[in-house]
Amino acid sequence: DEIRDYAREIVEKEIERHAADGLGMVDYALASGGGRVLRHSEPYGGGVWFLNRVSPEAGKMIRPSFGEPGQCFPLKGSSGFIEIRLRSAIVPEAVTLEHVAESVAYDRSSAPKHCRVSGWLQEQDSTDSEVGSKKMLLLTEFTYDLEKSHAQTFKVESASSNLVDTIRIDFTSNHGSATHTCIYRLRVHGHEPSSVPMLEKQS
Amino acid sequence: DEIRDYAREIVEKEIERHAADGLGMVDYALASGGGRVLRHSEPYGGGVWFLNRVSPEAGKMIRPSFGEPGQCFPLKGSSGFIEIRLRSAIVPEAVTLEHVAESVAYDRSSAPKHCRVSGWLQEQDSTDSEVGSKKMLLLTEFTYDLEKSHAQTFKVESASSNLVDTIRIDFTSNHGSATHTCIYRLRVHGHEPSSVPMLEKQS
Amino acid sequence: DEIRDYAREIVEKEIERHAADGLGMVDYALASGGGRVLRHSEPYGGGVWFLNRVSPEAGKMIRPSFGEPGQCFPLKGSSGFIEIRLRSAIVPEAVTLEHVAESVAYDRSSAPKHCRVSGWLQEQDSTDSEVGSKKMLLLTEFTYDLEKSHAQTFKVESASSNLVDTIRIDFTSNHGSATHTCIYRLRVHGHEPSSVPMLEKQS
Ligand SMILES: [K+]
Ligand SMILES: [K+]
Ligand SMILES: [K+]
């Protein structure tokens, strides 16, 4: 009976976390929360693309995928970038890159591999990204590992508490596709200046 | 091994319930089942709103949220109401009010707090709610508690078996927001006159 | 502690499978993966239907239902058929027919009952189904059982490794509705000629 209670308690906690957007972590990039894609490298497929135009499909990268293959945005080639305006300025603590799970995927060679995430404070509501004049911060560099969970979270390396409201991810390689790289979802975690850090809350 | 079987059995049951719309209870307000929003108090934000017009976004209150922040309908101020026509006339047994889970929410001060749910039988396909001439039933009064599960179910208090096909929820306060109150989802549970009561079925 | 670890391990595996489209099996009929409905028998309700026209709503049958009642496509009467072009030619190994779970359903008399699935290789991008000249394969015959899981998987009976890129399901009865039969989702599992069979992968 005690064992049964143990089991039920663990199950309920895990399902609750699963039901809470899969990870149970606040995502400041989420479209329904106010995030939006500012810029991206050339999309794959489709028709003509005008430089610096945001594709109407680009929002897929900041919306849930619900485990469904194809709910991603494909960028041309094996390297590229995305820039996202967050819902508000935060002290960034971690980012999550999500691809489709192996068990339901047709092919995962289009998953990003080596990635670098940077952030800065842009504030004025401009989509013109003159990053030269901003204080850019390197947040983290990581490798998305096809053997691990489909949603992989990477901590921000610096211990600084600089505010950012814009995030850029550069991927410099993928897992083998010569033609395109698919982004299922990018999440950005952290805390607003007035609130308690996420990591402290959890401990 | 016996323990392993125990654990697996509990897990499977709980996941099945989770997969079954989160609660595994029939919802007669659900939009895809035929429910629809008849009236609501003034929406928050957006442009001009004409009295008694139903906002095209109002249906969000009777559709699943899938754990995503922002999948709600915001009403102006800290009090207001919604009226919903159910898919069919039922003997009401419980209602569920759902907000977004704390672990993924930016801010939960917009959650409703004190609520009162009433119901009546309108039948004729009229959206004009002349409730004065109907037999209105108080179904339940409750307080949505931010410390509990994000989907909270409240039993209908009366033991009567009156039929209702229309439900109204009045919220008279929220959890702190001065500007707006967000409704993620309202569900209405019960049984059709010809069928076995939900609560008996479960026992 | 060991028990706790056992339990957690089982829970995590099961939730992962649940998150991976419910079954953790690749679906070559899925709309977001490139599948599409080619033909179907007469739809139920709505207005005029032109013979051999595919209803704009027919895609619901190859998209996830997320446990929501009503996310299905209704066909007229208690028998009918659907034809689906797969995302690519595969050696078929199993099909899954999904209906809504009993715990959230208003009525399940519209579920299909006796079903027969066949497949063939059409290749040329034609929606005109001159099946007389194709090599049609009977893949499986089954009965959808309302007492079992809402998503029921049936193995392809033949041991052959014929390629198919088009699937047809004929249902010859349903669970009681005289007016219509609802198809929530049909999935087709198997492997591409170049890859390892699904069933071997799992063992
Ligand atoms: K997505
Ligand atoms: K909702
Ligand atoms: K569906």
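This briefing covers the interface of chain B and chain C and the potassium site of chain A. The model is predicted: local features need pLDDT of at least 70, side-chain atom pairs count only at pLDDT 80 or more, and totals for chains, interfaces and linings use all residues. Residues are numbered from 1 along each chain as its sequence is written, chains are lettered from A and ligands numbered from 1 in the order in which they are written, and side-chain values use heavy atoms, without hydrogens and water.

**Interface of chain B and chain C**

- In chain B, 23 residues are in contact (heavy atoms within 4.5 Å) with 20 residues of chain C.
- The buried area (accessible area, 1.4 Å probe, that two parts lose on being put together, summed over both) is about 1900 Å², and carbon and sulfur atoms give 66% of it.
- Arg4(B), Ile15(B) and Ser32(B) supply 24% of the area that chain B buries against chain C, more than any other three residues.
- There is 1 salt bridge (a side-chain nitrogen of Lys or Arg within 4 Å of a carboxyl oxygen of Asp or Glu) between the two chains.
- Arg8(B) and Glu14(C) form a salt bridge, with their closest N and O atoms 3.6 Å apart.

**Potassium site of chain A**

- The potassium ion (ligand 1) is coordinated at 2.6 to 2.8 Å by Lys60(A) (O), Arg63(A) (O), Ser65(A) (OG), Gln71(A) (O) and Tyr184(A) (O).
- Donors here are N, O and S atoms within 2.8 Å of the metal (3.2 Å for Na, K and Ca); water is not among the atoms, so sites may look incomplete.
- Along the chain, the donors follow the spacing K-x2-R-x1-S-x5-Q-x112-Y.
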